[in-house]
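Subject: Structure handover and findings

Hello,

Here is the structure I promised to pass on. Please open it beside this message and read the two together.

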Amino acid sequence: QVQLVESGGGLVQSGGSLRLSCAASGSIFRINVMGWYRQAPGKQRELVATITRAGSTDVVDSVKERFTISRDNAKNTVYPQMNSLKPEDTAVYYCNAKYDYAYGGYRNYWGQGTQVTVSS
């Protein structure tokens, strides 16, 4: 089992910045990829960024110029840094961890979600 606890959401003005965090606990030794997704009202959940245990990152093109992701393996915590926020970034942001099974495949674990609201 894996538990994910998110923090750092809130209300910010357009152009501002926010840094979220997601701390993982439990069977973390089988987690390689962690990431963040977001879901805006009336829309499907979409990928924002991922990072491997080795630090390899992937950020979706729509936010690549403004968002970064980092990871502290000692703290089992992932940090998305969101800069130059826009009203369209308003969404519930979810932390994700992929638990790798020993014989292939994986299971997704999700945090409870944290609201990010960007005012114009």
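Below are the findings, grouped by topic.

First, the ground rules. This is a predicted model, in which local features need pLDDT of at least 70 and side-chain atom pairs count only at pLDDT 80 or more, while totals for chains, interfaces and linings use all residues. Residues are numbered from 1 along each chain as its sequence is written, and side-chain values use heavy atoms, with hydrogens and water left out.

**Core**

The largest nonpolar core has 30 residues. A nonpolar core here is a set of buried Ala, Val, Leu, Ile, Met, Phe, Trp, Tyr and Cys residues joined through side-chain atoms within 4.5 Å. Buried means under 20% relative accessible area, exposed means over 50%, and partly exposed lies in between (1.4 Å probe, protein chains only). Leu4, Met34, Trp36, Phe67, Met82 and Tyr93 touch the most other members. At least two core residues come from each of strand 1 (2-7), strand 4 (21-26), strand 5 (31-39), strand 6 (46-51), strand 8 (67-72), strand 9 (77-82), strand 10 (91-100) and strand 12 (114-119). Strand 10 gives the most, with five residues. Strands are DSSP runs (E, at least two residues), numbered from the N terminus.

Contact means heavy atoms within 4.5 Å, and residues up to four places away in sequence are not counted for Leu4.

- Leu4 touches Cys22, Ala23, Ala24, Met34, Cys95, Asn96, Ala97, Tyr109, Trp110, Gly111 and Gln112.
- Ala49 lies in strand 6. Ala49 is buried, at 4% relative accessible area. Leaving out residues up to four places away in sequence, Ala49 touches Met34, Gly35, Trp36, Asp58, Val59 and Ile69. The C-alpha atoms of Ala49 and Ile28 are separated by 19 Å, with the two residues 21 apart along the chain.
- Thr114 is in strand 12 and counts as buried, at 11% relative accessibility. Its contacts, leaving aside neighbours within four places in sequence, are Glu6, Gly9, Leu20, Trp36, Ala91, Val92 and Tyr93.

**Rings**

How many aromatic pairs are there? The count is three. Rings of Phe, Tyr and Trp (its six-membered ring) pair if their centres lie within 6.5 Å; planes under 30 degrees apart count as stacked, over 60 as edge-to-face and the rest as tilted.

Tyr37 and Trp110 form an edge-to-face pair, 5.0 Å centre to centre with 70° between the planes. Tyr37 lies in strand 5 and Trp110 in strand 11 (residues 106-110), so this pair ties together parts that are 73 residues apart in sequence. Tyr37 is buried, at 16% relative accessible area. Trp110 is partly exposed, at 36%.

Tyr99 and Tyr109 are edge-to-face too, because their ring centres are 6.2 Å apart and their planes are at 70°. Tyr99 is in strand 10 and Tyr109 in strand 11, so the pair ties together parts that are 10 residues apart in sequence. Both Tyr99 and Tyr109 are buried. With Tyr101, they form one aromatic cluster.

The rule is NZ of Lys or CZ of Arg within 6 Å of the ring centre and within 35 degrees of the ring normal. The charged end of Arg19 sits over Tyr79, 4.0 Å from the ring centre. Arg45 lies over the face of Tyr94, at 3.7 Å from the ring centre.

**Cavities**

The whole structure holds two cavities of 30 Å³ or more. A cavity is a set of points, on a 1 Å grid over the protein atoms alone, where a 1.4 Å probe fits but cannot get out; lining residues have an atom within 4 Å of a point. Volume is the space filled by probe spheres set on the points, which are joined across faces, edges and corners. The largest cavity has a volume of about 50 Å³. Its lining is Ala24, Ile28, Ile31, Met34, Arg53, Arg71, Asn73 and Asn76.

**Loops**

Most residues other than glycine have a negative phi. Asn76 has a positive phi, near 50°. Asn76 lies in the loop between strand 8 and strand 9 and is partly exposed, at 22% relative accessibility. Ser84 also has a positive phi, near 50°. Ser84 is in the loop between strand 9 and strand 10 and is partly exposed, at 40%.

Glu88 is in the loop between strand 9 and strand 10. Glu88 is exposed, at 56% relative accessible area. Glu88 and Ala40 are 8.4 Å apart, C-alpha to C-alpha, and 48 residues apart in sequence.

Best wishes

Definitions and conventions:
Helices (H or I, at least four residues) and strands (E, at least two) are DSSP runs, numbered from the N terminus. On a 1 Å grid over the protein atoms alone, a cavity is a set of points where a 1.4 Å probe fits but cannot get out, and a pocket is an open set with protein on both sides within 12 Å along at least five of seven lines; lining residues have an atom within 4 Å of a point.
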